[in-house]
Amino acid sequence: MSRSAQEAQYGFAERWLPRLVLAPSFLLTLIFLYGFILWNGYLSFTASRLMPNLEWVGIAQYQVLFESERWWVAVKNLFIFAGLFISSGMVIGISLAIFLDQKIRGEGILRTIYLYPMALSFVVTGTAWKWMLNPGLGLEKLMHDWGFTQFTFDWLVNSEMSIYTVVIAGVWQSSGFVMALFLAGLRSVDDSILKAAQIDGASLTRIYWKIILPALRPVFFSTLMILSHIAIKSFDLVMALTGGGPGFSSDVPATFMYAMAFTRGQMGVGAASSMMMLATVAALVVPYLYSELRGKKNGK
């Protein structure tokens with residue numbers, strides 16, 4: 001075989017071999033992700049109950065969904081959980097990052113301790129906090145054993161407060177992750193700018209408030225997107241901690257969808273609720289991706 005023929009054969013393999021290797025995973029992703037999203041969207045317009053039913057009913061399942069008191073409780077809980085989860089997680093995470101950025105002794109150990117919750121799944125976190133917040137096993141019993149018999153902390157079994165126990169566990173799990181993101185951002189700020197500000201007599205608080213934190217705007221935005229995404233699709237933490245109860249007081253849209261589709265025989269309503277969740281995630285992610293792609297196109 002001539003040299004030119006060998007080069008042509010090698011070039012052909014170099015062009016097509018990566019595509020052939022990636023094709024199965026690309027095809028499976030296309031079918032099992034986007035294909036099932038389309039199938040779920042179709043089911044939301046059918047009379048499906050316990051099993052898929054192809055009888056077309058238009059927007060009837062969405063009307064049932066919007067007339068459901070349980071759905072609006074889940075939506076209200078999502079706003080409470082997302083608002084407190086994101087704001088508290090970011091405040092604690094930024095505070096921890098600024099604390100560690102002072103190059104204190106034992107930073108490595110503290111950083112590991114703060115990041116440790118991220119090594120756990122939400123199921124483990126929810127189960128551990130369920131034990132700690134159980135009035136008969138955890139904090140309340142411990143305080144009673146210590147002699148503080150008037151102490152009460154029954155949020156886990158209180159329908160008005162149960163969603164806040166999910167917030168506590170979620171913030172505990174995610175604050176270390178937020179800290180890691182912001183600590184990496186803080187360490188990337190140019191030292192020469194900080195030294196120039198110090199020479200001009202700016203205090204440490206003013207340097208952080210006026211220079212460093214505004215420079216971390218991309219980290220803020222990315223963290224907001226990630227935490228929002230986690231909040232909207234929260235399922236395992238709620239199921240492990242409260243199971244959506246007492247009653248359905250701590251339901252969120254993901255647990256509502258699971259209950260309707262797999263335990264209540266209302267597959268069409270469950271499909272409609274999952275499409276509403278998809279629309280909410282898309283409303284957050286699409287503008288973010290658009291701004292990222294536009295920034296890269298403009299060379300920013």
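**A Helical Chain in Questions**

Guide: P246 lies in the loop between α11 (236-241) and α12 (253-263). The model is a predicted one.

Visitor: What kind of peptide bond joins G245 and P246, and what is its omega?

Guide: The bond between G245 and P246 is a cis peptide bond, with omega about 0°. In general, most peptide bonds are trans.

Visitor: How many helices and how many strands are there in the protein chain?

Guide: The protein chain holds 13 helices and zero strands. Read from the N terminus on, its elements run α-α-α-α-α-α-α-α-α-α-α-α-α.

Visitor: What makes α3 and α7 oblique to each other?

Guide: The axes of helix α3 (residues 69-100) and helix α7 (residues 162-187) cross at roughly 40° and come within 6 Å. Roughly parallel would require an angle under 35 degrees, and roughly perpendicular one of 65 to 115; α3 and α7 are therefore oblique. The crossing of α3 past α7 is right-handed. By class, their contact has 21 nonpolar, seven polar and one charged residues.

Visitor: How do α8 and α9 cross, and which residues meet?

Guide: Their axes cross at roughly 145° and come within 11 Å. The passage of α8 by α9 is a right-handed crossing. From α8, I193, L194, A197 and Q198 meet I207, I211 and I212 of α9. Six residues of this contact are nonpolar, one is polar and none is charged.

Visitor: What radius of gyration does the protein chain have, and what would a compact globule of 300 residues have?

Guide: The protein chain has 25 Å, whereas a compact globule of 300 residues would have near 19 Å. The C-alpha atoms fill a box of roughly 90 × 75 × 35 Å along the principal axes.

Visitor: Where in the protein chain is confidence lowest, and where is it highest?

Guide: Confidence is lowest in helix α8 (residues 191-199), with a mean of 78, and highest in helix α2 (residues 60-66), at 94. The chain has a mean pLDDT of 87, with 94% of its residues at 70 or more.

How values were computed: Residues are numbered from 1 along each chain as its sequence is written. This is a predicted model: local features need pLDDT of at least 70, side-chain atom pairs count only at pLDDT 80 or more; totals for chains, interfaces and linings use all residues. Side-chain values use heavy atoms; hydrogens and water are left out. pLDDT is the predictor's confidence in each residue, from 0 to 100. Helices (H or I, at least four residues) and strands (E, at least two) are DSSP runs, numbered from the N terminus. Axes are lines fitted to C-alpha atoms, for helices over the stretch in contact, and angles run from 0 to 180 degrees between N-to-C directions. A crossing is left-handed if the near helix is turned anticlockwise from the far one by less than a right angle, and right-handed if clockwise. Contact means heavy atoms within 4.5 Å. Ala, Val, Leu, Ile, Met, Phe, Trp, Tyr, Cys and Pro count as nonpolar, Asp, Glu, Lys and Arg as charged, and the others, Gly among them, as polar. The radius of gyration is taken over C-alpha atoms; the globule rule is 2.2 Å times the number of residues to the power 0.38. Angles under 35 degrees count as roughly parallel, over 145 as roughly antiparallel, 65 to 115 as roughly perpendicular and the rest as oblique.
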